[in-house]
Number of protein chains: 4
Amino acid sequence: MYSFKNDYSEGAHPRILQALIDSNLEQEDGYGEDRFSREAVELLKERIGRKDVDIHLLAGGTQTNLTAISAFLRPHEAAIAACSGHISTHETGAIEATGHKIIEVQVDNGKLTTANINAVLEAHTDEHMVKPKLVYISNSTEIGSIYTKQELEQLCDFCHENNLILFMDGARLGSALSSSENDLTLNDLASLVDAFYIGGTKNGALIGEALVICRDFLKEDFRFHMKQKGALLAKGRLLGIQFSELFRDNLFFDLALHANKMAMILRDELSKANIKFLTHSPSNQIFPILPNPIIRELQSNYSFHIWEKVDADHSAIRLVTSWATKEDQVLKFIEDLKGLI
Amino acid sequence: MYSFKNDYSEGAHPRILQALIDSNLEQEDGYGEDRFSREAVELLKERIGRKDVDIHLLAGGTQTNLTAISAFLRPHEAAIAACSGHISTHETGAIEATGHKIIEVQVDNGKLTTANINAVLEAHTDEHMVKPKLVYISNSTEIGSIYTKQELEQLCDFCHENNLILFMDGARLGSALSSSENDLTLNDLASLVDAFYIGGTKNGALIGEALVICRDFLKEDFRFHMKQKGALLAKGRLLGIQFSELFRDNLFFDLALHANKMAMILRDELSKANIKFLTHSPSNQIFPILPNPIIRELQSNYSFHIWEKVDADHSAIRLVTSWATKEDQVLKFIEDLKGLI
Amino acid sequence: MYSFKNDYSEGAHPRILQALIDSNLEQEDGYGEDRFSREAVELLKERIGRKDVDIHLLAGGTQTNLTAISAFLRPHEAAIAACSGHISTHETGAIEATGHKIIEVQVDNGKLTTANINAVLEAHTDEHMVKPKLVYISNSTEIGSIYTKQELEQLCDFCHENNLILFMDGARLGSALSSSENDLTLNDLASLVDAFYIGGTKNGALIGEALVICRDFLKEDFRFHMKQKGALLAKGRLLGIQFSELFRDNLFFDLALHANKMAMILRDELSKANIKFLTHSPSNQIFPILPNPIIRELQSNYSFHIWEKVDADHSAIRLVTSWATKEDQVLKFIEDLKGLI
Amino acid sequence: MYSFKNDYSEGAHPRILQALIDSNLEQEDGYGEDRFSREAVELLKERIGRKDVDIHLLAGGTQTNLTAISAFLRPHEAAIAACSGHISTHETGAIEATGHKIIEVQVDNGKLTTANINAVLEAHTDEHMVKPKLVYISNSTEIGSIYTKQELEQLCDFCHENNLILFMDGARLGSALSSSENDLTLNDLASLVDAFYIGGTKNGALIGEALVICRDFLKEDFRFHMKQKGALLAKGRLLGIQFSELFRDNLFFDLALHANKMAMILRDELSKANIKFLTHSPSNQIFPILPNPIIRELQSNYSFHIWEKVDADHSAIRLVTSWATKEDQVLKFIEDLKGLI
């Protein structure tokens, strides 16, 4: 049984474990005030090319989303997100639990456009409705698509003109920025969005997301919010050591490139076998549409999510690759699938 | 510079790191549904001697407190805690942020008594005040004291008679249960309190607390609450592997015994040197009272918290020992201190 | 200028004002423990034909919705509502501000069906999503439609089978129950829904909604929730006096019948003039579709809401009638409109 | 049986009822956008002598406190209040339910001092604790005392120096400002505090509090917060009409003067009879200390709250007078009490 179920099926890249071992007995202060966390922040700032951002290390994606969004908004303000957005559907109402409505928008291909947001603004005109204030986007999206620089520039301009905060969930940012179709850099992000995070959990770390706050008005007292939400780890060093190792050289992107490469082998070979896909995905999640009996056959040797029913006889499945995905397993899957068609 | 600042200054016990390495490339499901987490839960149930409890692994203490307390209470219900309780003062309003008041009570030696709680009940009589519903205690307490079995039995009886939930913060439970003055077992706890947790972060793990829910009416849907609060780690295995290793044999208690032993050496030797203590502590935190100039001298070679001013010339400092505290450093500290008196 | 803008444009029915005057100098206890509030509750129980319900008097609709829904739900539980539901769009995120997601569903004619709810249940299957728990319906709905007894029985059965709470917003319940198409009684409601309220504000009172809690498990400690949300008025007598007067005889329903009669005159006469309507409404809100220039003409003598654009040249407007609507103004409006066609 | 239990035992001053009758059939817009509410705001601004304040009319005290405080604070910020403050003890955790901790301080005579607040600031130094941000005071206080201009100037200066918001609960502001010991004006308040409210419910209105927001940074989007908390009444006219009537001439203060006069007769006559008081109160609540048997005797003809036990044989009772208190009943109470001594 080999798993294409997600990109967090294994532990961490061996270099990260080695870094934990090497630093293990050094005494350091708690709560992210250790030298490893400080080093991670410096390495990240360097890589982003901006000294004026604030960077905080948190444990996971839902935690980062809820801590940031609740810190950024006043009680009557709402987030706008795609219906398929992670905060809309897969965080058990974490954002609402902090008091904020999510205005959910039907979108194409997982991505919000200025037209989507404008329609929300036009519908929310007075104090009897929430005030739309934060635009939540994911890159890569929950269905594998990625934002282009042009798309992000349009969102950025629109948000600034309309006094909206643009927030990017980067749980899979490594894969997005490493995609062959990507034209964005970390430096671009720091200019175009108001806050974003760089996901470690799904790209080779044990746990960890690095939140980058790019605008001064969002920075104040952020550590208070982290503590209040249970997001300030006593052993913050655990996050610092991992991000230091990921960004000491090109490890973070090398891992993402491997994940993408495995996904592209799957995509290209399945395409050649005339298999269609639910979405165009240039990142580490692909969604081939297969006849249901073939899906059942595959399940005896592979684990993956059945994403959605396409018609009476076909469903889309989700195949996720990661830094740890083995190329020989990818090739075996392709061969097995071809044998079933 | 050697640190007695806290019990989370170092990484993890080497066996835990080794367990992470050994399991690293095994593919497992996410969100605590991996075999390591399941194994940890089984080992914990066995050690507690109760199969009917629910056990959940969370990342940290504040997170565990806020997730459990907000899951257990209805909106108008409040927690009762000592003024010195961790949730009262050192969690940035995490409990209030979930909507619940903490009724703070002045206590002696960090411990709540039935008299304390009864006074609260007598003062809260109608719907114009919150309804006291959950009693929060810490063991060991924030100032090093521990609960005896008799004290806990009294609290248990009182809470049951008054329809109150008894919740124990066990961030330092290892040290409490390993104290020479302790007469409680994990099995006792499962009978006497309604929920408690076993702290890993402060006893040799990288991160992790094991929440034990002992009563059926508190169990329902608890994983929903974890997810909503950002407490369901994608790589839940990280917690499972650590707790499996800590409870595979006696490692968890061995680490706590070492921490306590180091604290008792400090306590006994300082006592011999006629140094007084702020509190009676039989666990891994002690609070010697020292002349301010001597404290300043010590600070050039040791780091620790200055806990509180005692009089114009004296302050109490907090010395915390851990699984990682080195005996030769303890002896050197004693020698240095004696040299200063 | 005559207003068909809403059913709260005037003050209160003169009998209510007289009752306030008559009782004015009697000394009574506060917070709904006065004899007027007790009398109102008894009159309402009698009228409903059920002694075992709990009844609470609150000031307004949003307040009643947020107090009840937050009292009924645990933190991870969500409400299901139509997109057009009042809590979905016109309460500034009041429900989310208490921590709960509203799962919004596209519906026909403003009414939720078991099929709508079932689709939500099928999509919410695990702890990564909120748990759907409460079904929110309005009667009459926000677009004037009303529920039949059969529809409500189906919802009731479905909710009980699926352990869901069925909650009815009755801000305009008087109009619904007084509609010529209605086949429901207050007694039916107490059997079929778990809680509902009887709106006074939009049916002749100055302010006031009577919340009826029909199931024991929803009753406990409700006054605590009211106080916490600012919904326990010091002079609760203000609500008690009004509801006593409204339900001392048939006043409440007489007022609603008048409102409906005025709306039906409008509807029938406009229909005869070949005007179409956006929805089928047998209650006190109707939505005729008119050419935009005619709407503009009407606005010089009448005030009303423009509800929505229908096509490039037409819009639907909302005409609301009330206990205070004057028949001569209704006839004049019809005449004026006919003159414009 | 005559009641000195509170100042909301009767309905409203007859002029208010008359104003409701006179305006009853005028059609007006809802939600505080009616001409009566606009007039009330203008009259209040004139009386305060400041055109640059924002004024909102709400239904009750708890509602005003929770709406204002939650609008003014970010999630990690806390209110400082006296232990005896209304928000601390008698609002069922309304403030905490919006997510904010109240830091409760032991004070003398119900009033906060700069020393009290400074002690809180010194104890709250980092992100592991909430950030004290808003100072809540009541005038008159819950035990009848009032603030002097000098005291308020000191609080004002201290709050500004320390970036704290000063908020005054004025549920009984009429009585405070009408006290013979008062040296403050409404105009002073607008300069010295950042927001305050003028209580109508306890001074002759049916319901209603007028919140005055004096600083620009607290004004933005306040009506959104009102709507979200259920505090925007559909028939906002009910509040507007009442405050217009109260502030059209001197009615508001005349009513308070009468209440105070009745209390002072009680206080002076009881003093002459050598009865001691729990607190020094120059406003409409007084707290005589009486032997328990005498209290029991009085209870057969008068209703009042027993405030607290003073010693084994004595308790303090609370006598509250209002705009509606009859002088002959006051004299009869004095006579009856004297007869019992």
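**Helix packing and chain contacts**

Q: How do H2 and H11 of chain B pack, at what angle and how far apart are their axes?
A: This is a predicted model. In it, helix H2 (residues 35–48) of chain B packs with helix H11 (residues 237–248) of chain B at an angle of about 35°. Their axes are 7 Å apart.

Q: Is that crossing left-handed or right-handed?
A: H2(B) and H11(B) make a left-handed crossing.

Q: Which residues meet there?
A: From H2(B) come B:Phe36, B:Ser37, B:Glu39, B:Ala40, B:Leu43, B:Leu44 and B:Arg47. Across from them in H11(B) are B:Arg237, B:Leu239, B:Gly240, B:Ile241, B:Phe243, B:Ser244, B:Phe247 and B:Arg248.

Q: And by class, what does the contact of H2(B) with H11(B) have?
A: Eight nonpolar, three polar and four charged residues.

Q: Switching to chain C. How many residues of chain B are in contact with it?
A: 14 residues of chain B, with 14 residues of chain C.

Q: Which elements of chain B give two or more residues to that side?
A: Helix H3 (61–72) and helix H10 (222–228) of chain B. H10(B) gives the most, with five residues.

Q: What about classes on the side of chain B that touches chain C?
A: That side has three nonpolar, six polar and five charged residues.

Q: Why say the copies meet through the same surface?
A: Because 100% of the interface residues of chain B are also interface residues in chain A.

Key:
Residues numbered from 1 in each chain as written. Chains lettered and ligands numbered in written order. Predicted model: local features only at pLDDT ≥ 70, side-chain atom pairs only at ≥ 80, totals over all residues. Contact = placed C-beta atoms within 7 Å. Axes fitted to C-alpha atoms, helices over the stretch in contact; angles between N-to-C directions. Helix = DSSP H or I, 4+ residues; strand = E, 2+ residues; numbered from the N terminus. Left-handed = near helix turned anticlockwise from the far one by under 90°. Nonpolar A, V, L, I, M, F, W, Y, C, P; charged D, E, K, R; others polar.
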